[in-house]
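Subject: Structure handover

Hello,

I am passing this structure on to you. Please open it and keep it in view while you read my notes.

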Amino acid sequence: GGLSPDLVSLEDILRIPRPTDVPLQGLLCDLLWADPTPNSPTWEMSDRGVSYLFGEQILDQFLQTYDFDLFVRAHQVVEEA
């Protein structure tokens, strides 16, 4: 997962209703599916057709805004749980 242009505050994450289905766009979709890219400093549409690609400038701004030193991301699609 990654970052979202819809993320204004970390409180936005707490406001996501649970349980919920993952929408095709928006904050929750981006938190799950956005990917980093070295090819753009800011936002780009993902070539996967869902969510965004985010560049170093976006990541640096996020880390500075929330006084984080590290951003860790991981996900794995599972067809059946």
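This is a predicted model: local features need pLDDT of at least 70, side-chain atom pairs count only at pLDDT 80 or more; totals for chains, interfaces and linings use all residues.

**Sheet**
Three strands form an open sheet. Their order is S1-S3-S2, and the pairing is mixed. Strand S1 (35–36) and strand S2 (43–45) are at the edges. Each has a single partner strand, so one side of each has no neighbour in the sheet. S1 and strand S3 (residues 52–54) run parallel and are joined by two bridges. Look at Asp 35: its bridge partner in S3 is Leu 53.

**Core**
The largest nonpolar core has 11 residues in all. Among them are Leu 3, Leu 7, Ala 34 and Phe 54. Helix H2 (27–33) and H3 are the elements that give two or more residues to this core. Ile 16 also belongs to the core. Which residues does Ile 16 touch, leaving out those up to four places away in sequence? They are Leu 27, Leu 28 and Leu 31. As background, nonpolar side chains tend to be buried together in soluble globular proteins.

**Pocket**
The largest pocket has a volume of about 190 Å³. Its lining includes Pro 5, Val 8, Trp 43, Gln 61 and Tyr 66. Helix H3 (residues 56–65) gives the most to this lining, with four residues. By type, the lining has eight nonpolar residues, three polar and no charged. Leu 3, Leu 7, Ile 58 and Phe 62 line the pocket and are also part of the largest nonpolar core.

Best wishes

How values were computed:
Residues are numbered from 1 along each chain as its sequence is written. Side-chain values use heavy atoms; hydrogens and water are left out. Two strands pair if DSSP finds at least two bridges between them. On a 1 Å grid over the protein atoms alone, a cavity is a set of points where a 1.4 Å probe fits but cannot get out, and a pocket is an open set with protein on both sides within 12 Å along at least five of seven lines; lining residues have an atom within 4 Å of a point. Grid points are joined across faces, edges and corners, and a volume is the space filled by probe spheres set on the points. Ala, Val, Leu, Ile, Met, Phe, Trp, Tyr, Cys and Pro count as nonpolar, Asp, Glu, Lys and Arg as charged, and the others, Gly among them, as polar. A nonpolar core is a set of buried Ala, Val, Leu, Ile, Met, Phe, Trp, Tyr and Cys residues joined through side-chain atoms within 4.5 Å. Buried means under 20% relative accessible area, exposed over 50%, partly exposed in between (1.4 Å probe, protein chains only). Contact means heavy atoms within 4.5 Å.
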